[in-house]
Amino acid sequence: MILPSMMKFQLGRLVITPAVLTTFSVNDICRAIDRHVCGVWGEVPDLVRITNETGLSHGGHLLSAYRASGGLELRVLTTADRLATTVHLPGESVL
C-alpha cells in the first residue's frame, strides 16, 4: 500500500489503454503505478532516469518502464503538468 507521504507527485487523471487491460493483471498494473508514483522508474536508460529526476523538480514529464510477471513490458507516462498519467504498451500512441 502506498501512503500519501511516499508519493513524489500527483498522477492526475489515470488512463489505462485497452491493450494493457487485456494483457496484464490488475496486480501488475497497480504495482507499476505504485512504483511510478514513488519515483522507482524501473527499466529505463540512465538518461531517462536523469530526465525524470529533473522533471520532478522542474515540471517535466515522467516515464517508467516495468516488466510484469509474464516478462512483457508496460510503461507509465505522467505529463509535465501532472494532469494525466497513462499506462500503455511500448509503441502505443499516448496523447
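User: Hi! Which residue in S4 does Val15 stand opposite?

Analyst: Hello! Val15 stands opposite Thr86 in S4. Keep in mind that this is a predicted model.

User: Thanks. How many bridges join S1 to S4?

Analyst: Four bridges do, and S1 and strand S4, residues 84-88, run parallel.

User: Nice. Where does Thr85 lie, and is Thr85 buried or exposed?

Analyst: Thr85 lies in strand S4. Thr85 counts as buried because its relative accessible area is 0%, and buried means under 20%.

User: What does Thr85 touch?

Analyst: Leaving out residues up to four places away in sequence, Thr85 touches Leu11, Arg13, Leu14, Val15, His36, Val76, Leu77 and Thr78.

User: Switching topic: which residues have the most contacts inside the largest nonpolar core?

Analyst: Those are Phe9, Val20, Phe24, Ile29, Leu74 and Val87, in a core of 19 residues. Helix H2 (26-37), S2 and strand S3 (73-78) each supply at least two residues of this core. H2 gives the most, with four residues.

User: And what is Val20 in contact with, leaving aside neighbours within four places in sequence?

Analyst: Val20 is in contact with Ile29, Leu74, Val87, His88, Leu89 and Glu92 on that basis.

Technical notes:
Residues numbered from 1 in each chain as written. Predicted model: local features only at pLDDT ≥ 70, side-chain atom pairs only at ≥ 80, totals over all residues. Heavy atoms only, no water. Pairing = 2+ DSSP bridges. Core = buried A, V, L, I, M, F, W, Y, C linked by side-chain atoms within 4.5 Å. Buried < 20%, exposed > 50% of the residue type's maximum accessible area, 1.4 Å probe, protein only. Contact = heavy atoms within 4.5 Å.
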